[in-house]
Amino acid sequence: ISDQKPLGCWSLKHGQTLTCPVVCNFETHEYIAVHDDKVLRIWKNEDINLDKAFKATLSADVYRIHSLPEAGPVVLFRGGGVRTLDVLLEAPQQEIENVISDEVIRWSGAFMEGQQPVLIFTTEKDGNFFVYVQKPKLNSLHKYKLEQQESSKPLCFTAHITNQTVTLLCLYSNDSVYQVLIPLQQDTEEEDEEEILSKSVLLNFSVPGTVLKGTSLVVLDKDHVAVLGSLAVPGKEPRECLSIWNTKFQTLQTSKELPLGTSGQLWCYEEKFFLIHGKVLTVIMYKCETSSLAAAVGKLKDSQNLDVSSFVNWNTLEDEELVVSFQSQESVALKAESKVNLRPRRSTVAKVQPETLSVGQLLLNLKDASTYVLETELRQLMAKPPTLDLQATIGCVVTALTDRCKRNPKYYPQNFLQEIVETRDLSYSLCPDLMAVALEKKDMHLLQLCLERFPDIPEEIIYACLKAFLSISEAHLQNIDVDLDSVICYVDVEFDDKEVKSEIVENGFSAGMDQVMCDTKIPKETQSRSDGESCPVGLQKAALLNAVLHSAYTETFLLPHLKNLPAEQAILFLRYLYYLYVKCSEKVNTTLPGTRSPTINQIMDWMCLLLDAHFTVMVMLPEAKELLSNLHKFVRAQVRFYSELNKIEGSLQELQRLNHLRESQTYSIEVLEII
């Protein structure tokens, strides 16, 4: 933290989202993340590319991962099921039970009681709040119902365990903290009826002349809690502050205003507060002394002990800040304290393979079988009733087919592979050799299917597909079956040098307007190329390129590969992207018709990527000069066009309001003067 710089940063692919906080495994010093609710990632500090880290796709959505120093990580699913990480990795696709019904998890925490991990979480349903106490290693689960509080409800929770008793603290909307005591049950059977938990007032935030509206609560020790919230003073605007309270004597120990604002979240670890203050992550050290009445009221005379003002080192708000850039891109910046090798990838892949010997033995027995026998047996294997490891089994089937393709160059079950990819929910990690074989066989249709369906394709493979699509001839593509749903509705095709177009200008934007707003004279040939040009590639190639545009990627890892794209292919690809950009701009909603058509954001992102990778080369090439000039003029015209729209935004909003007021059944002609 004192170095003021991140020591490690790992980014997700474009289109992926972190869905729960990342934690560190204290036992192995590995990081654990979940993205897109079900995809588990585990990596170490030395790993640079997160996409190459260990990955497992789970069968249920994850709510939170809790890391315990002595028991390893514990995974809580949105349905209330709990698994330790070790048990979960043995069979990632194992079925997870639904403990809660129509309830939403509001808070969870993990603790150690002796040698056993204890997970506590609260849920809400129709205004009622429930508490679950679960010991995952003992299969013990107990459900309780919180006593209702009139005209107020819980805002946040925190808890700690002492002497076989769970102390649950609840911050309510009536500016009070309530305490709920839950004895840890020793039996392992679930209760038939839920017990109603009574609560008692632990602390009231009433200070003469002020009211504290808390948003986050943490326990410091048995006598102190910290509250992050806003301090409301009559006649003044609320001010966010961090305060520490003595629960034993009901007194405010110390507080500090946070003028830059916070996110409403407060974390506490090893006598340090962590909170977001403005745009920085601030770390504040504190020290809890033995609670006494003299210390609580600020009358402690012993100079060796902390008084009220020195309870917290507030100077850290200025001296010990770790500046972290909170960009919109999903990324994780963490620090590893030791270096431990991640579990070997081969062994982790083996964990997601079918555990039943019948599947593995069957594939082994079919290794040297005839083509007919192999495909017949594999089809029968996939036709079996669904099981927990069905997805991994199908991955093994595809691997068996690709292995045979490698051993026998003349063997390639094209239709069988396409059928599997189209009908089964696969991913690149389950069959990593499939796309490599398809590239070798120049199976463009299969590559298109994989690009559209696989969420985890490496950037190197995406680039290889792009290069293959751009290099293949149009004549060869005419004989290939390619899905044209993404292009058939908007791509202009030429027949006998006559253009056939389905062009509808919906927003009044045309080449003439382009010329007027740019205040420049555009030659006729340039004018036709800027707006009415036919597609620079054929239908089949356009459909294949659209599949590339839909692939999830990380810019950092894709850019080095794009720089290797030949200049001629880069210009052709940029011309196609420019064509799509013009087509999108013709529509009011900037959306292309058709199924799986690229979006305006995807088109713009790829144009920027391509220009970043080849800008110097394109500036030097004469054949790219006109394309770059047209692109520049068109973008400038678009900027001016939207600038003009912004000037009449108020009038357009008034027109929209009048349309809502007008009766739909009456006919009228109105003349509105826009001033």
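Modeller: A word on naming comes before anything else: helices (H or I, at least four residues) and strands (E, at least two) are DSSP runs, numbered from the N terminus. On that basis Met620 lies in helix H18, which covers residues 600-620. Please keep in mind that this is a predicted model.

Biologist: Is Met620 buried or exposed?

Modeller: Met620 is exposed, since its relative accessible area is 65%, and the threshold for that class is over 50%.

Biologist: Which residues form a nonpolar patch with Met620?

Modeller: Phe615 and Val619 do. Together with Met620 they present about 340 Å² of accessible area on the surface.

Biologist: Let us step back to the whole chain. How many helices and strands are there?

Modeller: The chain contains 20 helices and 29 strands. Of its 675 residues, 47% are buried. The accessible surface amounts to about 35,100 Å², and carbon and sulfur atoms hold 51% of that area.

Biologist: And what share of the contacts comes from residues 24 or more positions apart?

Modeller: Such pairs supply 59% of the contacts with a separation of 6 or more.

Biologist: On to the strands. What is the order in the open sheet of three strands?

Modeller: The order is E6-E7-E8, and the pairing is antiparallel. Strand E6 (62-68) and strand E8 (82-84) are the edges, each pairing on one side only. From one strand to the next, the twist averages 20°.

Biologist: How many bridges join E7 and E8?

Modeller: Three bridges join strand E7 (residues 72-77) to E8, in the antiparallel sense. Val74 stands opposite Thr84, a residue of E8.

Biologist: What does Arg78, in the loop between E7 and E8, pair with?

Modeller: Arg78 makes a salt bridge with Asp37, with 3.8 Å between the closest N and O atoms. The two residues are 41 apart and link distant parts of the chain, Asp37 being in the loop between strand E3 (30-35) and E4. Arg78 is partly exposed at 38% relative accessible area, and Asp37 is also partly exposed, at 24%.

Biologist: What is the count of salt bridges?

Modeller: The count comes to twelve. One of them joins Asp456 and Lys55, at 2.3 Å from N to O. Asp456 belongs to the loop between H10 and helix H11 (459-471) and Lys55 to strand E5 (residues 54-57), so this pair ties together parts that are 401 residues apart in sequence.

Biologist: Are Asp456 and Lys55 buried or exposed?

Modeller: Asp456 is buried, with a relative accessible area of 4%. Lys55 is buried as well, at 13%. Both values place them in that class because the limit is under 20%.

Biologist: What does Asp433 form a salt bridge with?

Modeller: Its partner is Lys406, and the closest N and O atoms are 2.8 Å apart. Asp433 sits in the loop between H8 and H9 while Lys406 is in helix H7, so the parts that the pair ties together are 27 residues apart in sequence. Asp433 is partly exposed at 27% relative accessibility, and Lys406 is partly exposed at 49%.

Biologist: You mentioned H8. Which of its residues are buried?

Modeller: In helix H8 (residues 414-423), the buried residues include Phe416, Leu417, Gln418, Ile420 and Val421. Their cover includes helix H6 (371-382), helix H7 (390-407), helix H9 (434-441) and helix H10 (444-453).

Biologist: Which residues is Tyr576 in contact with, leaving aside neighbours within four places?

Modeller: Tyr576 is in contact with Val487, Tyr490, Cys535, Pro536, Val537, Ala542, Leu545 and Asn546. For Ala542, which is 34 residues away along the chain, the C-alpha separation from Tyr576 is 7.9 Å.

How values were computed. Residues numbered from 1 in each chain as written. Predicted model: local features only at pLDDT ≥ 70, side-chain atom pairs only at ≥ 80, totals over all residues. Heavy atoms only, no water. Patch = residues over 30% accessible without salt bridge, like charges linked within 9 Å, V, L, I, M, F, W, Y side chains within 5 Å. Areas by Shrake-Rupley, 256 points an atom, 1.4 Å probe, with all protein chains shown as cover. Salt bridge = Lys/Arg side-chain N within 4 Å of Asp/Glu carboxyl O. Buried < 20%, exposed > 50% of the residue type's maximum accessible area, 1.4 Å probe, protein only. Contact = heavy atoms within 4.5 Å. Pairing = 2+ DSSP bridges. Axes fitted to C-alpha atoms, helices over the stretch in contact; angles between N-to-C directions.
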